[in-house]
Amino acid sequence: MDHEADAYRTDLMTITRFVLNEQSKYPESRGDFTILLSNIVLGCKFVCSAVNKGEEQKKLDVLSNDVFVKALVSSGRTSVLVSEEDEEATFVESSKRGKYCVVFDPLDGSSNIDCGVSIGTIFGIYTMNHTDEPTTEDVLKPGNEMVAAGYCMYGSSCMLVLSTGTGVHGFTLDPSLGEFILTHPDIKIPKKGNIYSVNEGNAQNWDGPTTKYVENCKFPTDGSPAKSLRYVGSMVADVHRTLLYGGIFLYPADKKSPNGKLRVLYEVFPMSFLMEQAGGQAFTGKKRALDLVPEKIHERSPIFLGSYDDVEEIKALYAMEEKKN
Ligand code: AFP
């Protein structure tokens, strides 16, 4: 009998236990983050169950947002919330305020719901650094100031991937226990991958460096094998595969959408934070993605993220283009 494997299976590291362990490294920590996270986890469990019941898209979008907003407000640990579903930021009433601000997309990739493709929730967390009245300035901060980020993927299994700045860890929902259990500790993205992931239907409108990069993926000139193309069209699923298998995910700018499609605060930043924590990179075509300073809560940015070496290649192409101009 494999006693070591058995010991691992019986010593269940739930997400709450994991975060409590991490927080105990900070003597000043009073458990606020653990409480906040347990409310995010509650929202994820709710969405997971609703997705499994086969609720239709429109209903699920609204339901998921309501559940997350209510769970976050009632945690008593938040002051500002930005949701993809709400045009304006939510400012929590003073009696329920806390030191965190949460930016999130409650149900990303929701156009995939009705055909059963994996979808997800994405979130990023900032801390308030003052006790005055909260404003949108409290979330219009670069991604490198996030204290945590993660996503939950609702697919063949329900998996929550989280980073609090000390690596990336994956937890799988055990439906019989109703708990997320650590199944993928310290995820590292391969240094180089053999998959690229992009909506090639937009190719006629791409700029030079993106066009050249994708051409190199298909017709490499350095003797390396051509890369495979995989594109779900659901960011959580595409980024999750990229994180585990390596490669690159691109949502570039194009002539029709000069800022790309994906939103800085609750798509680009959390995924870039996770990629860097896993040893990969995230680039906008101009700079490190986490160094962007958003001016609007629903701002968009082009994004190239994934394996370190693959992102290096696209960075080199944009650097060459800049030299030409
Ligand atoms: P939906 O939420 O409308 O399905 O959009 C999903 C998404 O924001 C992101 O999850 C995908 O990576 C991206 O859009 C796909 O966009 P395209 O359909 O333009 O490729």
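I195 stands opposite S228 in strand β10, and β10 is joined to strand β9 (residues 195-197) by 2 bridges, the two running parallel. This is a predicted model, in which local features need pLDDT of at least 70, side-chain atom pairs count only at pLDDT 80 or more, and totals for chains, interfaces and linings use all residues. Residues are numbered from 1 along each chain as its sequence is written, and side-chain values use heavy atoms, with hydrogens and water left out. Helices (H or I, at least four residues) and strands (E, at least two) are DSSP runs numbered from the N terminus; two strands pair if DSSP finds at least two bridges between them.

**Mixed sheet and its helices**

- The strands β10-β9-β11-β13-β12, in that order, form an open sheet of 5 strands with mixed pairing.
- β10 (228-229) and β12 (281-283) each have a single partner strand and stand at the edges, so one side of each has no neighbour in the sheet.
- Helix α5 (residues 208-218) lies across β9, β11 (248-251) and β13 (303-306), and runs at about 145° to β11.
- Helix α7 (residues 264-277) also packs on the sheet, where α7 touches β12 and β13 and makes about 30° with the direction of β13.
- Contact here means heavy atoms within 4.5 Å; axes are lines fitted to C-alpha atoms, for helices over the stretch in contact, and angles run from 0 to 180 degrees between N-to-C directions.

- In β5 (residues 148-154), 7 of 7 residues are buried, where buried means under 20% relative accessible area, exposed over 50%, and partly exposed in between (1.4 Å probe, protein chains only).
- A148, G150, C152 and Y154 point one way from β5, while A149, Y151 and M153 point the other way.
- In a regular strand, side chains alternate between the two faces of the sheet.
- β5 pairs with β4 (residues 119-127) in the antiparallel sense over 7 bridges, and G124 has A149 in β5 as its bridge partner.
- β5 and β6 (residues 158-163) run antiparallel and are joined by 6 bridges, with L162 in β6 as the bridge partner of G150.
- The hairpin from β5 to β6 passes through 3 residues.

**Ligand surroundings**

- There are 14 residues around the ligand, of which D108, S111, Y231, M235 and Y251 come nearest; a residue is near a molecule if one of its heavy atoms lies within 4 Å of it.
- An N or O atom in the side chain of S111 is 2.6 Å from an oxygen atom of the ligand.
- For the side chain of N199, the distance from an N or O atom to a ligand oxygen atom is 2.8 Å.
- S110 places a backbone N or O atom 3.2 Å from an oxygen atom of the ligand.

**Helix α6 and backbone angles**

- Helix α6 (residues 235-245) is mostly covered, with 9 of its 11 residues buried; among them are M235, H240 and R241.
- G246 follows α6 and has a positive phi, near 90°.
- D186 has a phi near 50°, which is positive in a residue other than glycine.
- D186 is found in the loop between β8 (179-184) and β9, and is partly exposed at a relative accessible area of 42%.

**Cysteines**

- The structure holds 0 disulfides, a disulfide being a pair of cysteine sulfur atoms within 2.5 Å.
- The cysteine sulfur closest to that of C48 is in C158, at 3.4 Å, too far for a bond; C48 is buried at 7% relative accessibility.
- C101 is in no disulfide, as the nearest cysteine sulfur, that of C44, is 19 Å away; C101 is buried at 0% relative accessibility.

Methods. A polar contact is a pair of N or O atoms within 3.5 Å; within protein, one must be able to donate a hydrogen and the other to accept it, and residues adjacent in sequence count only if both atoms are side-chain atoms.
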